[in-house]
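Subject: Handover of a two-chain model

Dear colleague,

Please find the structure below, followed by a summary of what was found in it.

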Amino acid sequence: MNAAESPVVIFVGQPNCGKSTLFNAIAGPKAQTSNFPGTTVKHTHSLVNIEGRMLNIIDLPGTYSLHPADPAEKVALTHLFSEKPDAVINVLDASILGRSLELTLELLEMDLPMVVALNMTDLAEKKGVSIDARALSERLGVPVIPTIAAHGRGVKELLDAVFDCLEAGCRGSRPRWSKSVEQAIETLIHSLPEDLPCVATPRFTAIQMIESGSLFCSDYMKDIAPEFHGRLEDIRSGLAAERDMPAYEVLAAERHHLAQKLFEETSRVTRRLRRGWGERLDDILLHPWLGYPVLVLVLVSFFFLIFKIGGPLETLLLKPFASLRLVLEARLDSGMLFHLADGVLQGIGGGVAIVLPYFLPLLVFMALLEDVGYLARAGFLLDTFMHRIGLHGKSVSPFILGFGCNVPAVVATRILESRRDRILTSLLIPFIPCSARTTIVLALVAYFLGPWWALGFYVFNILLVALLGRVLTCFFRASSPGLILEIPSLKAPALKNVLLKVYVQLKSFVRFAWPLLIGGSIVLGLIQSLHWDAVINSVLAPLVAGALGLPRELGVTLVFGFLRKELSLLMMLQALGVGYKDLLTVISREQMIVFTVFVSFFIPCLSTFAILWKEVGRRIAFLSAALSVTVAVMVSVLVRILL
Amino acid sequence: MTARNLLEAPLESPLRIVSIAGGEGVRRRLFSLGLNVGDRIALAGRGILRGPLLIKHLDLGITIAVGRGIAQKIMAEAADERG
């Protein structure tokens, strides 16, 4: 059976409810999980074989409600419609059942076959909440299966319930609203135009319209059915006048009370909330003064650990490749064959010996930070400083993700509610030193000049981002809605989650980035053997040699830096024709710093450029490229003058 | 105690949300995160240099950080310790 014929099952749940962990437990290492609200900003498909039965399972971004307010929630809602699921698995965080059930009540109105996974029941027990799953199932009218996704508990029972649901059906009972709301819904259902293009049940559509006004199917309503639009507004204002609050609040408040009632009827609070180790640790991590030294300590110690692990590993791994290069030099003349073989060797050797020693520890530390839940805490601490550059704390998470790779960081800007914040954050992300640039900084600046120089580079880089943010804010004046950010409970890092995340990123590096490094090195070898590099270098000489004061041979390496930033570093050795250890014999320390600064800032790499185009549009992508080139030239010249 | 906005509320003492003002987007976001009129909360921390506020939901046990502009729009009064 292929993907098209297999039943489609969609995972829906609020952020941090353990949805992706549950999805991973079923799908294997495909979905990314983390402890930050809104990490699964892209949806993940997976075709799984469960004891001979195929399921096409889809993980959607976590969504607090089905109200299409921010881009991540729009993705969730759009997919619920477009994938036409055969069943929905609604994952609930049992430790905050009252709130989780509000989304369940919205989903029940869609009238789709549904199974509820009552997840994190262990955490609920720890909090002193005992939930009667059977009673909850009776009231919702759908199967409710207790699970502990992190330990794989309840997964089999959940899948059995899903298969039963696919065979026998399992549509839940719809929530009962107050009389006036039911009346408003009924009136609107009967007024809905027959040719309404929005795909949902009439009841769900009517509720969404009363709640969201023109946000839901807005184009259709304003342009094609102005009369209906008027009728809808009458119903909304009637409800608002009767209850003395806006229509959306009437529904939100009633849903909240319905969920609370369900919670009270099916749960028992055995003891009052107790302070756990996480809360005690939070007293320090979120402390108005202590929080900052801890934040600096965490980031600086990660930096030194990456360097202390990567440096010796690099020295060790470089040796065999250096000897191999000597053999090549001895056996082959400096003809085309030598240049091509040298290109292959530089590409493979550079990947193994220069990139991976720094890249791997960085991946592990990024995964740890995400999994523990520290990103949201950094967001809280840095909010006040982000305001100085016209943003707020919610942009901190995309920025920190940017230290790993700028591409997911740009995608993660979807968690920001306002477009202005998304554009501003997306324009600044390419200036965050990603793992590729960290490799260059550590392998050049830290390795040859010492780790303090490299740390200085990072401080300089962060100040530059702040300055740029300040300048850009002058052009994007609209006010930002301000910070609203859930701080998830601290979790002990799950080794399995961390390893999975590292594995996924490493696989993507080996599959996409490394071939680019090898291919680029071979192309440079070819260009060198044909002496075309001299042409490119002389065209770029006014910039490279004139303005930046670098050896003109480096011109060609900068062109290739657009593909992958590390490529510039690997090609630097190839272009200068020296081994890594002898680098200081051909360029000075000052030139090394200028080169690092220029390569770091001069243009977003191809993948970042593409994702900027996709996420915030072509204009912003080109603006970002122009901004990067301008900043890189200005800053590099300044650094050259200062040194 | 009369209702006052969260910026003026004392730290760590139980409060009950009396009203939430502001635009539709902000109010809906707060509702969906679990902050509703009538809920019991406590102010768990204030960021330095006019930084954000940490609101602890006493029944759900969740913590939400909100900027000062938003905190100013949440009115709360002293709540009964026993809930």
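Which side chain of chain B meets that of A:Glu211 in a salt bridge? The partner is B:Arg28, at 3.6 Å from N to O; a salt bridge here is a side-chain nitrogen of Lys or Arg within 4 Å of a carboxyl oxygen of Asp or Glu.

This is a predicted model, in which local features need pLDDT of at least 70 and side-chain atom pairs count only at pLDDT 80 or more, while totals for chains, interfaces and linings use all residues. Residues are numbered from 1 along each chain as its sequence is written, chains are lettered from A and ligands numbered from 1 in the order in which they are written, and side-chain values use heavy atoms, with hydrogens and water left out.

The interface

In chain B, 34 residues are in contact (heavy atoms within 4.5 Å) with 40 residues of chain A. The two chains bury about 3100 Å² between them, 59% of it on carbon and sulfur atoms; buried area is the accessible area (1.4 Å probe) that two parts lose on being put together, summed over both. On the side of chain B, the residues that lose the most area to chain A are B:Arg28, B:Arg29 and B:Ile48, together 24% of what that side buries.

The rule finds three salt bridges across this interface. It also finds 13 residue pairs in polar contact, both residues at pLDDT 80 or more. A polar contact is a pair of N or O atoms within 3.5 Å; within protein, one must be able to donate a hydrogen and the other to accept it, and residues adjacent in sequence count only if both atoms are side-chain atoms. Helix H1 (24–33), strand S4 (53–57) and strand S5 (63–66) of chain B each supply at least two residues of the side that touches chain A. Helices (H or I, at least four residues) and strands (E, at least two) are DSSP runs, numbered from the N terminus. H1(B) gives the largest share of that side, nine residues.

Strands of both chains form an open sheet of seven strands with antiparallel pairing, in the order S9(A)-S5(B)-S4(B)-S3(B)-S2(B)-S6(B)-S1(B). Two strands pair if DSSP finds at least two bridges between them. The edge strands, each pairing on one side only, are S9 of chain A and strand S1 (4–5) of chain B. Four bridges join S9 (residues 484–487) of chain A to S5(B), and these strands run antiparallel. A:Ile487 stands opposite B:Thr63 there.

Salt bridges within chain A

Over all chains, the count comes to 24 salt bridges. In one of them, A:Arg139 meets A:Glu265 at 2.8 Å, N to O. This pair links distant parts of the chain, helix H5 (residues 133–140) and helix H11 (residues 247–266), 126 residues apart. A:Arg139 is partly exposed, at 37% relative accessible area (buried means under 20%, exposed over 50%, partly exposed in between; 1.4 Å probe, protein chains only). A:Lys614 and A:Glu615 meet at 3.6 Å, N to O; A:Lys614 is exposed at 58%, whereas A:Glu615 is buried at 11%. Salt bridges that share partners join A:Glu211, A:Arg255, B:Glu24 and B:Arg28 into one network.

Backbone

A:Asn16 is not a glycine, yet has a positive phi of about 65°. A:His531, also not a glycine, has a positive phi of about 60°.

With kind regards
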